[in-house]
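This report describes selected local features of one protein chain.

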Amino acid sequence: MIQKENRIGGSGVIFAVFVLALALLAPAASRGQSAPKFEVDPSWPKPLPNNWTTGQVGGVCVDAQDNIFIVNRQNLTDKELLAAQQAPPIIEFDPEGNVVNSIGTKDTVPKSIHGCTVDSEGNLYVAGNDDGIIQKYSHDGKLLMTIGTRGTVDTSDGTVKGRALNSSHTGFFLPSGIAVDPGNGDIFVSDGYGNSRIAVFDKKGQFLRQWGRQGTRAEVESGVGGVFMQVVHCVVIGNDGLVYVCDRQGDRVEIFDKMGNFKKNIVIHNGTEHMPDSWGTAWWVGFSPDHEQKYMYVVNGRNEAIDILDHATGKILGSFGRPGHQAGEFDHGHTMAVDSKGNIYVAETDWGERIQRFKPVR
């Protein structure tokens, strides 16, 4: 049997080349984008001075010069205090991991200090998830503003045992995080562990608006936006001008414009068929330092890992970390920050009580 020789004519060659060119020009995500790799940096930070020891590290944030701030709950045990000194509640490190400043006392910062952010002017903001306030400090530690009244929360009787009102224009009910609009200084607060809202204030601390309410399991599972399953755990503003909010027990990051109009969900699966559970997956959000913020990082607190997502599509590309107490592992990985070089800093509360740095593998 004689087989005919297959030949491609001139027009066929041109078409084949055209198809190949399109494939090469296609976005990486459509061709199977790979996740960046990270490795733990065990040399960061340097040993703390003065025999300081941290308790739960409730937050971490970075300024424009890549100085790193952590917030420390000062909850050492009596046994630890036999040999150690309580580290200050707010500690600043330089990029090399040396302590360069400390701020506040246990009696002045929010109770159960939680989350932090640094604005474009270098001012530091902190919240407290056992309190009704947020605070703003200058870079050198001067208290510039407090919104709310220390020890009073937004409930029917002003105590943590009261019914959540989800409505105060002057305070909060166990707030968790803060984001500051780089354009006009508006302050966005995830409020939080007691309330179920995002509350927005101007740079002088005057209330502007809010959105969000407690949701039902059915609403969350059907993807309804603007409702939260339990804890509203983070708020972050991306370079795209959108507001990213952690619906922690809802296993998703909800995305809004700055006026609170819902845009879409990014679901962070917990690895089982059960959603949501008491821990939840979506604890904190960060982005790669390029202007387009190509990668989105999520602290997956339930799975003790950092999930790496394609920012544009929300597709999970990979992850790093695992449960444990060794370098590079997490025990209650809680919040994160990303510096200008792409290093990722992860703060651990119960029972890790530390800060770790992860470097990109080039």
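Predicted model: local features only at pLDDT ≥ 70, side-chain atom pairs only at ≥ 80, totals over all residues.

Most residues other than glycine have a negative phi, and most peptide bonds are trans.

## Cis peptide bonds

The peptide bond from W44 to P45 is cis, with omega near -5°. P45 is placed in the loop between strand 1 (38-40) and strand 2 (52-53).

A cis peptide bond also joins D191 and G192, where omega is about -15°. G192 belongs to the loop between strand 13 (187-191) and strand 14 (197-201).

## Aromatic pairs around W44

The model contains 13 aromatic pairs. One of them is formed by W44 and F93: the ring centres are 5.4 Å apart and the planes meet at 50°, so the pair is classed as tilted. This pair links distant parts of the chain, since W44 is in the loop between strand 1 and strand 2 while F93 is in strand 6, 49 residues apart. W44 counts as buried because its relative accessibility is 3%, and F93 counts as buried because its value is 0%.

W44 also forms an aromatic pair with Y345, which is edge-to-face, with 5.0 Å from centre to centre and 65° between the planes. W44 lies in the loop between strand 1 and strand 2 and Y345 in strand 27, so this pair ties together parts 301 residues apart in sequence. Both W44 and Y345 are buried.

Elsewhere, one aromatic cluster is formed by F38, Y297, F320, F330 and F358.

## The buried aspartate D94

D94 is located in the loop between strand 6 (90-93) and strand 7 (99-103). Although buried, D94 has no salt bridge; K46, the nearest side chain of opposite charge, is 6.7 Å away.

The side chain of D94 does reach the backbone nitrogen of E96, at 3.0 Å. Apart from neighbours within four places in sequence, the contacts of D94 are with W44, D66, N67 and V100.

## The buried cysteine C116

C116 sits in strand 8 (residues 113-118). Its relative accessibility is 5%, and C116 therefore counts as buried. Not counting residues up to four places away in sequence, C116 touches G59, V60, C61, F69, V71, L124, Y125 and V126.

The C-alpha atoms of C116 and A179 are separated by 8.5 Å, while the two residues are 63 residues apart along the chain.

## Confidence of the model

The chain has a mean pLDDT of 91, and 90% of its residues reach 70 or more. Over residues 1-31, however, pLDDT stays under 50. For this segment the model has seven contacts beyond four places in sequence.

Conventions:
Residues numbered from 1 in each chain as written. Heavy atoms only, no water. pLDDT = per-residue confidence, 0-100. Contact = heavy atoms within 4.5 Å. Helix = DSSP H or I, 4+ residues; strand = E, 2+ residues; numbered from the N terminus. Buried < 20%, exposed > 50% of the residue type's maximum accessible area, 1.4 Å probe, protein only. Lys, Arg positive; Asp, Glu negative; His and termini not counted. Salt bridge = Lys/Arg side-chain N within 4 Å of Asp/Glu carboxyl O. Polar contact = N/O pair within 3.5 Å; in protein donor to acceptor, adjacent residues only side chain to side chain. Phe/Tyr/Trp six-rings, centres within 6.5 Å; stacked < 30°, edge-to-face > 60°.
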